[in-house]
Amino acid sequence: MPMSFQHRISQRLNRIYHDPSQPQDTQLLAQQIERLCQPLLDQSRLAGSRLWSEQDAILITYGNSIQHTGEVPLQTLSTFLHEHLRGVLGNVHILPFFPFSSDDGFSVIDYYQVNPDLGNWDDIGRIAGEFDLMVDLVINHCSRENLWFVDYVGNHEPYSGYFIEVDPTTDVSLVTRPRNTPLLTPVHTHRGVRHVWATFSEDQIDLNFANPDVLLEFVRILLLYIERGARFIRLDAIAYLWKTIGTRCIHLNETHQVVCLLRDVVDYCAPGTVLITETNVPVAENLSYFGQGDEAHMVYQFGLPPLLLHALNRGTSAYLTDWAGGIPPLPAGCTYLNFSASHDGIGVRPVEGVLPEREVQDLIDCMHRFGGFVSMKANPDGSQSPYEINISLFDACMGTRRGPDHFQVQRFLCAQAIMLAMQGIPAVYIHSLLATPNDLDHVERTGRTRSINRRVWDKSELECLLNNPVTPQAEVFNELRRMLRIRCAQPAFHPDARQDIIKINSDLFINKRSCAEQTLFAVSNVTERLLRLPLDVLGFLPSGLVDVLALNEDRMEGELVLAPYQTVWLTLPSEP
């Protein structure tokens, strides 16, 4: 007999709240969670249980990445999506669109409202009516301007227990730090000075999930976002959720159990909703969030951006090929979210143990020469090490380690083509779609290096560039949209289709995707040289293949010729 939802949730809660010094009525908590789910169940969304297909691709954007005078940004975004991306991709990740105090939205003041500077819930609903929506659940921390924290400072219930107080003399040296700021920040409260946990900044105060009221609050918020049209829920900075003094305070078992519980909730009342964990950590740690197929539906492929950039900067696919060939099989009902760039930097932690330190440092040095920065993290021994490279991916592709050259657009498009062919669902950052260069003025205005890749475009200026076919913005924009349309028509790009990485030499990256309906070979030249490859050398390729990316689909005969940084998607032609 299947286990009831309430019983399953109760078991999860027992694994979360197992400390005998802080006993919890987990049965009552399970009943409260079931009651919270009931309104969504009553809306009869149970029919929408499709998870994904080859037609899924996601645009990552801020609500105000494009602005137009006299119009709220979410309306401008809605118009841009409708005019340019309808039929190109079906999903949009609008980065946090709530009132905030710092970190471009990731320090949330009010989880229940849309930032009025961006628009309102009707504007979000308009976009969700045309595209499947991804929404951030910023679950690890909130703004110190959030009323929860204001009430904590005033010692008002229930918020006096919403945050984590730590004696400043406590040894917290084991705690994993993604930043080099102090872990504990002093706060003047009605009870005197208290030191509270702040993983990311003194404005982003970590929430206390050891308090069940906090968990219930976030279940309520999760359900609101689904009710408002979210089909993808991104769990921001989830790895740091649970804290236990004397541990690394990352990837703790209680954190995994909270993810399992949220998965149980969405599977119960909103099947078809996809849970995504954001964990910018080494590969094995990242993959742990699949659990036994009972945690995240998707995890970010954080190793892909730095390895893609390294391959194209160095002119060798060796490390990318070895890493991709070692990606473990997916649990049933799980897949990857593949990306080459995002609103954050290009993380280097995910390639620990994959790229030698000298290769990482050479890449960082080259990105400095191309106008980029590097953000550091604090280590337990007091030292600092690189955490991420901050640069526009378009400008990161302006050359190789030998310096800039004239292959910037081709190199950049090669990175996109490789990413689009990887097993999983592709996500394209709006500033990749628009070939946005480094925005050093934005860095100067904000004082934050991440602003280099967070330009706010004026709609009129942008449209002038996109309407001029000789600009790199128009060239990239038009070609990426063409590639996305072609991708949607290839069954072999279904997220569940098999992936096999073929290794023949370091000039090529070869990804074989296959399913019952189609076999497709994605072959990329990662060098600046013209490559002529006799077909008898490429013995794994069947005869009669066509390149679906080519403007004409002539059958390949004799040899495969690849221009610098060219990608071909080779498959047998469809029967007439």
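**Close-up views of a predicted model**

**View 1. Asp104 and the residues around it.** In this predicted model, Asp104 is in contact with Tyr62, Arg448 and Arg454, when its neighbours within four places in sequence are left aside. One of these residues, Arg448, is joined to Asp104 by a polar contact of 2.9 Å between the two side chains. Asp104 is found in the loop that runs between strand 3 (91-94) and helix 4 (121-128). Because its relative accessible area is 17%, which is under 20%, Asp104 counts as buried.

**View 2. The stacked rings of Phe5 and Tyr268.** A search of the whole structure finds 23 aromatic pairs. One of them is formed by Phe5 and Tyr268, whose ring centres are 3.8 Å apart and whose planes lie at 5 degrees, so the pair is stacked. Since Phe5 lies in helix 1 (residues 5-16) and Tyr268 in helix 7 (residues 253-269), the pair ties together parts that are 263 residues apart in sequence. Phe5 counts as buried at 6% relative accessibility, whereas Tyr268, with a relative accessible area of 25%, is partly exposed.

**View 3. The tilted pair of Phe97 and Phe98.** The rings of Phe97 and Phe98 form an aromatic pair with 4.5 Å from centre to centre and 40 degrees between the planes, and this pair is tilted. Both Phe97 and Phe98 are buried.

View 4. Tyr111, Trp148, Tyr159, Tyr162, Phe209 and Phe218 are linked into a cluster by ring pairs.

Note on methods. Residues are numbered from 1 along each chain as its sequence is written. This is a predicted model: local features need pLDDT of at least 70, side-chain atom pairs count only at pLDDT 80 or more; totals for chains, interfaces and linings use all residues. Side-chain values use heavy atoms; hydrogens and water are left out. Rings of Phe, Tyr and Trp (its six-membered ring) pair if their centres lie within 6.5 Å; planes under 30 degrees apart count as stacked, over 60 as edge-to-face and the rest as tilted. Helices (H or I, at least four residues) and strands (E, at least two) are DSSP runs, numbered from the N terminus. Buried means under 20% relative accessible area, exposed over 50%, partly exposed in between (1.4 Å probe, protein chains only). A polar contact is a pair of N or O atoms within 3.5 Å; within protein, one must be able to donate a hydrogen and the other to accept it, and residues adjacent in sequence count only if both atoms are side-chain atoms. Contact means heavy atoms within 4.5 Å.
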